[in-house]
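Please look over the sequence and the model below. A short report on selected features follows.

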Amino acid sequence: MTVLASKPSAKPKVKSNLPCLLCLHGGGTSAHIFAIQLGRLQRALAKHFRFAFVDGPFICPPGPGVLPFFEGMGPYRRWINKDGCDEDKVRPLLKKRMAEDGGNFVGVLGFSQGARLALGLLHEKQEKRAEAFDEFGFGVFICGTYPPLGLSSALFPVTPTAQFETQYWDKKHESILSIPTVHVMGDRDPFLHKSRLLSQCSDPTSMTIMEFAMGHSLPVAPADTQRVANKVIALHQNYQHEINTRKTEQLEKGMENLAITALPLQT
């Protein structure tokens, strides 16, 4: 992973009721490292969102490009072990972090391996699984790799990519992800082909692809960072509009039912 030589930004002074994004780091890094890497985008979105970072449960060697910039900032972590994503370890970590942050989560943002997990979390919501994180209304995937990573092996079994293609995605998966997403990619990323494969897991009508002149990293140019920020803001605005519309419809239906019950009995 190419590391951006940017310093951690000071924690923005924002209102505690701002909506929050759950941020999932890449393999071989950590929540603290990802907060540094995401510094530019955090500053661009500081008036609109809070950011909650969480460490993956499995300790591992540093990821590609992490050294030497993040030397001595271990332990380095990842979301999966050789047996896949351990639901009993990962789900409690996410729930605990979200509870600590005070709620009002609206979306999930993942980088590299974290993007794989982010897509899996959105899929749980779409499949209406009882344990799903229903708070998330959109996803932001940056330099995502492939295949998707689910907390439940029944949703996304852990297999090599080729087996995943033939045994699961093409045969068992009938509906791709329709929850709105943005896939940010680097045209010099050695994993670009995996980012493109991950994007194919999203419905083209609800997905945006943004490709920049960069490697396996976050956008560096201010204009590129702002473009991503604007898209994240638009995703949230659309999600909030959807929530408000749903509430209005429920209210109108409730008033209609109340009016019906209030009608005088016919004699």
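## Cysteine 143

Cysteine 143 is buried, because its relative accessible area is 0% and buried means under 20%. The model is predicted, so this value, like the others here, is computed from predicted coordinates. Cysteine 143 sits in the loop between E6 and H5. Its phi is near 50°, a positive value in a residue other than glycine.

## Serine 112

Serine 112 lies in the loop between strand E5 (105-111) and H4.

Is serine 112 buried or exposed? With a relative accessible area of 10%, serine 112 falls under the 20% limit and therefore counts as buried.

## The second largest pocket

What is the make-up of the lining of the second largest pocket? Seven of its residues are nonpolar, eight are polar and three are charged.

## Glutamate 124

Helix H4 spans residues 113-126 and includes glutamate 124. This residue has a relative accessible area of 0%, so glutamate 124 is buried.

Which side chain does the side chain of glutamate 124 meet in a polar contact? The partner is the side chain of arginine 91, at 2.7 Å.

## Leucine 24

Leucine 24 belongs to strand E1, residues 20-24. Its relative accessible area is 0%, so leucine 24 is buried.

Leaving out residues up to four places away in sequence, leucine 24 touches a list of residues that includes Phe34, Val54, Trp79 and Leu94. Also among them are Val108, Leu109, Gly110 and Phe111, as well as Gly114, Leu117, Ala118 and Leu121. How far apart are the C-alpha atoms of leucine 24 and alanine 115? They are separated by 7.2 Å, while the two residues are 91 residues apart along the chain.

## Two cis peptide bonds

Now the backbone at two prolines. Most peptide bonds are trans. The bond from leucine 67 to proline 68 is cis, with omega near 5°. Proline 68 is placed in the loop between strand E3 (58-60) and strand E4 (76-78).

Tyrosine 146 and proline 147 are likewise joined by a cis peptide bond, with omega about 5°. Where is proline 147 found? Proline 147 is in the loop between strand E6 (138-142) and helix H5 (161-169). Cysteine 143 is placed in the loop between E6 and H5 too.

## The protein overall

The secondary structure comes to seven helices and eight strands. The protein has 267 residues, and 49% of them count as buried. Among the buried residues are cysteine 143, serine 112, glutamate 124 and leucine 24.

Take the contacts with a separation of 6 or more. Residues 24 or more positions apart account for 78% of these contacts. The accessible surface of the protein is about 13,400 Å². Carbon and sulfur atoms make up 55% of that surface.

Key
Residues numbered from 1 in each chain as written. Predicted model: local features only at pLDDT ≥ 70, side-chain atom pairs only at ≥ 80, totals over all residues. Heavy atoms only, no water. Helix = DSSP H or I, 4+ residues; strand = E, 2+ residues; numbered from the N terminus. Buried < 20%, exposed > 50% of the residue type's maximum accessible area, 1.4 Å probe, protein only. Polar contact = N/O pair within 3.5 Å; in protein donor to acceptor, adjacent residues only side chain to side chain. Contact = heavy atoms within 4.5 Å. Areas by Shrake-Rupley, 256 points an atom, 1.4 Å probe, with all protein chains shown as cover. Nonpolar A, V, L, I, M, F, W, Y, C, P; charged D, E, K, R; others polar.
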